[in-house]
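Hello,

Here is the model we talked about passing on. My notes on what was found in it follow below.

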Amino acid sequence: MSEAMQAVNETDGWTLFAILGLTGITVLTRSFFMWSEEKMAIPEWFQRGLHYAPVAAMAAVIVPEVVMKNGALIDSFSDARIYGAAVGLIWYFTRGGVFGTILSGMAVYLPLHLLAGW
Amino acid sequence: MTPLHALLQWVRHPRFIAGVRDMLPASPGIGAWGITTGVALANSGMSLVEVSAMTLMVFAGSSQLAAMPLIISGAPLWVIWLTALCVNLRFAVFSAHVRPFFMPFKLPKRITYAYLLTDLSYVVFIKKYKTVPTAAADIRGMDIYWSALGFVNWATWMTTSFIGIALASVIPLSWGLSFAGILALMGISCSLVTTRLRAVAAILAGAAAVATYALPMKLNILVGVSAAVLISLLLDRSRSPAHV
């Protein structure tokens, strides 16, 4: 049996159904407040909350990715991510720009990660 | 006007070009993340059809990566979906924010545009548009601008995801390319830190998300956001609005 055939054979309906559901969840969450055409009174506290929600959401996603390993806070400074993130932050607040943040952070992260094994 | 003419006029519009220009700086990050996600999916043990279907349809990196191990281990559907829901709940907040901007459009267009509402396109958009345009020409400009953000974001993600899937055996996950995605998100988030209280909100959310990491279904993200927004609201109430 060819590899391609095998790939087709491994596909099962249950997984495709799960993926279909995940697609529905993407659509549902992103369009949650878009369906109704009724005038929506957005409470004042919610409006003010919107000043903080975006940056809070991003931080809640990013910070664990930088300072955690295998579900626990990192316990060693031999971790390339913290240096990469620190340099990226310094770049952003001194020079500015997302592209420079990525490049400078990766310039520190990759050698430490690949060569030093951090 | 032929459809081709209309399309050319659309992509040559200054707002389209502005949208492409505003989204491009984040593209290397989106791309590195796309490649990593593609590699991870291809190595997951799911079939090529499943991996391709997930990439083309789900279009949400964090929820794909959260769902992947659950699908492989044969977890119950409700666990998979509830996990994705928790990971994606932040988008519901984004959709409340963007709703007034999208309301001039008809329902199918609103839903299509909302499908393209990712972390990065959302942040770039709300930085550009603080108030809802009312003049027809401005609404059209916003329409074109959003389509450009969505297009660059979607095209970058799809292309690089499939590059990752194709090169899965050549690019090991251990290279840590996904870190570029983290750096892109970090840079974009920094651009949102325009007041001291927003910096506080970011730190609080990060700390709370770390502290509650052990919660199931990535609920730590939700806890982090709620705690940070709640405390920020209490703090800004006790200040004069000028400081916010």
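Across the interface of chain A and chain B, 20 residue pairs are in polar contact, with both partners at pLDDT 80 or more. Please keep in mind throughout that this is a predicted model.

By residue type, the side of chain A that touches chain B splits into 47 nonpolar, 16 polar and 10 charged residues.

As for extent, 73 residues of chain A are in contact with 86 residues of chain B. The size of an interface is often given as the accessible area lost when the parts come together. Here the area buried between chain A and chain B is about 7000 Å², and carbon and sulfur atoms give 77% of that. In chain A, the residues that lose the most area to chain B are Arg30(A), Met34(A) and Tyr52(A), together 13% of what that side buries.

Salt bridges

Over all chains, the count comes to eight salt bridges. Three salt bridges cross the interface of chain A and chain B. One salt bridge joins Arg237(B) to Glu44(A), with the closest N and O atoms 3.5 Å apart. Glu44(A) also forms a salt bridge with Arg48(A), where the closest N and O atoms are 3.1 Å apart. Both Glu44(A) and Arg48(A) lie in helix α3 of chain A, four residues apart, which is about one turn of the helix. Arg48(A) counts as buried at 15% relative accessibility, while Glu44(A) is partly exposed, with a relative accessible area of 46%. Glu44(A), Arg48(A), Asp236(B) and Arg237(B) are linked in a network of salt bridges.

Lys128(B) forms a salt bridge with Asp22(B), the closest N and O atoms being 3.4 Å apart. Lys128(B) lies in helix α8 (residues 119-128) of chain B and Asp22(B) in helix α2 (residues 14-23) of chain B, so this pair ties together parts that are 106 residues apart in sequence. Lys128(B) is partly exposed, with a relative accessible area of 34%, and Asp22(B) is partly exposed with 24%.

The other pair is Lys109(B) and Asp143(B), whose side chains meet in a salt bridge at 2.5 Å, N to O. Lys109(B) belongs to helix α7 (residues 107-115) of chain B and Asp143(B) to helix α9 (residues 136-166) of chain B, so parts that are 34 residues apart in sequence are tied together by the pair. Lys109(B) counts as partly exposed at 29% relative accessibility, whereas Asp143(B), at 7%, counts as buried.

Nonpolar cores

The largest nonpolar core has 73 residues. Those with the most contacts inside this core are Val98(B), Phe102(B), Phe125(B), Trp146(B) and Ile188(B). Helix α4 (residues 53-67) of chain A contributes the largest share of this core, 10 residues. Leaving aside residues up to four places away in sequence, Val98(B) touches Met34(A), Leu117(B), Tyr122(B) and Phe125(B). There is also a second, separate core of 22 residues, which includes Ile25(A), Leu41(B), Met54(B) and Leu70(B).

Regards

Notes
Residues numbered from 1 in each chain as written. Chains lettered and ligands numbered in written order. Predicted model: local features only at pLDDT ≥ 70, side-chain atom pairs only at ≥ 80, totals over all residues. Heavy atoms only, no water. Core = buried A, V, L, I, M, F, W, Y, C linked by side-chain atoms within 4.5 Å. Buried < 20%, exposed > 50% of the residue type's maximum accessible area, 1.4 Å probe, protein only. Helix = DSSP H or I, 4+ residues; strand = E, 2+ residues; numbered from the N terminus. Contact = heavy atoms within 4.5 Å. Buried area = accessible area lost by both parts, 1.4 Å probe. Salt bridge = Lys/Arg side-chain N within 4 Å of Asp/Glu carboxyl O. Polar contact = N/O pair within 3.5 Å; in protein donor to acceptor, adjacent residues only side chain to side chain. Nonpolar A, V, L, I, M, F, W, Y, C, P; charged D, E, K, R; others polar.
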